[in-house]
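Let's take a walk through this one, starting from the inside and ending at the ligand. Have the sequence and the 3D view open side by side.

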Amino acid sequence: MAAITLKTESQIAKMREAGRLTYLTLKLMGELVRPGITTKELDKAAYEFIRDNGAKPSFLDYNGYPASICASVNEQVVHGIPGEYELKDGDIVSIDVGAYLNGWHGDAARTFIVGEASPAVKKLVEVTKECFFEGLKMCVAGNELSAVSAAIQNHAERAGYGVVRELVGHGIGRRMHEEPEVPNFTDPHFPRVRLHAGMTIAIEPMINMGRADVRMLRDGWTVIAADRKPSAHYENTVAITEAGPVILTAE
Ligand code: MF3
Ligand code: CO
């Protein structure tokens, strides 16, 4: 088990640059999402944007992953592989992207609504975003990491949603996945981790409108809600500092 790596202020400044590019890529995705665009077209735009800004897509070739973004539609939770599917009015699409710039990773995700969605789906997307910010509030040096997890879980479950258990957030830095794991739920068996200034973590609630259970599609990547109800995702890379949490995947 690798130890948690604490970053210096100047290292966090470099992560902020990778995070900014990651954020700008997501912003571009939001501008392109519309009925009729394929997830493959979104992937190509993300690839070119990251490359044109002197970086590499963090996901491309990661454990053999074949694309620069994950594009997970409706009941797909995460890790949907971009393809020929054309987004249509009323869909939601969760886009996850990472940029590797000057030796550091950024990682962020948003769920976009295509055209107009039902009030129930809008609420799922909104509550999932709120879950991130509830967790973020607890990102204070000295707190236990479980306080972040509990805040996310409580907010989702109060709305009657299922918190995905099989996938978790993570430390991030020179590598995309570092210690510690950042679950969106608590469990007495989890190791106790105390937050310190200099920790950099990706917080990423994955919230199902229905039950929490998930399945893997035969492509070996795409995770879907077992009950086929919609699922949303919201992720940012965050630094714990003496002055409080700082979102690194920002403008
Ligand atoms: N953003 C995902 C995460 O937080 C990574 C995608 S996995 C990949 O773990 F294989 F697609 F890169
Ligand atoms: Co992540």
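Leaving aside its neighbours within four places in sequence, which residues is Ile-207 in contact with? Keep in mind as you look that this is a predicted model. Going up the sequence, Ile-207 meets Leu-124, Thr-128 and Cys-131, then Ala-156, Tyr-161, Gly-162 and Val-163, and finally Pro-230, Ser-231 and Ala-232.

Now zoom out a bit. Ile-207 belongs to the largest nonpolar core, a set of 28 residues. Along with Leu-145, Val-148, Ile-201 and Ile-203, Ile-207 is among those with the most contacts inside that core. Who builds it? At least two core residues come from each of α3 (119–137), α4 (145–158), β9 (200–203) and β14 (236–241). The top contributor is α3, which puts in seven residues.

On to the ligand. Ligand 1 has 13 residues around it, and the ones that come nearest are Asp-96, Asp-107, His-170, His-177 and Glu-204. In the side chain of Glu-204, an N or O atom sits 2.6 Å from an oxygen atom of ligand 1. For His-170, the corresponding distance from a side-chain N or O atom to a ligand 1 oxygen is 2.9 Å. How much of ligand 1 does the protein cover? On its own, ligand 1 has 330 Å² of accessible area, and the protein covers 95% of that.

Conventions:
Residues are numbered from 1 along each chain as its sequence is written. Chains are lettered from A and ligands numbered from 1 in the order in which they are written. This is a predicted model: local features need pLDDT of at least 70, side-chain atom pairs count only at pLDDT 80 or more; totals for chains, interfaces and linings use all residues. Side-chain values use heavy atoms; hydrogens and water are left out. A nonpolar core is a set of buried Ala, Val, Leu, Ile, Met, Phe, Trp, Tyr and Cys residues joined through side-chain atoms within 4.5 Å. Buried means under 20% relative accessible area, exposed over 50%, partly exposed in between (1.4 Å probe, protein chains only). Helices (H or I, at least four residues) and strands (E, at least two) are DSSP runs, numbered from the N terminus. Contact means heavy atoms within 4.5 Å. A residue is near a molecule or strand if one of its heavy atoms lies within 4 Å of it. A polar contact is a pair of N or O atoms within 3.5 Å; within protein, one must be able to donate a hydrogen and the other to accept it, and residues adjacent in sequence count only if both atoms are side-chain atoms. Accessible areas come from the Shrake-Rupley method with a 1.4 Å probe; for residues, only the protein chains shown count as cover.
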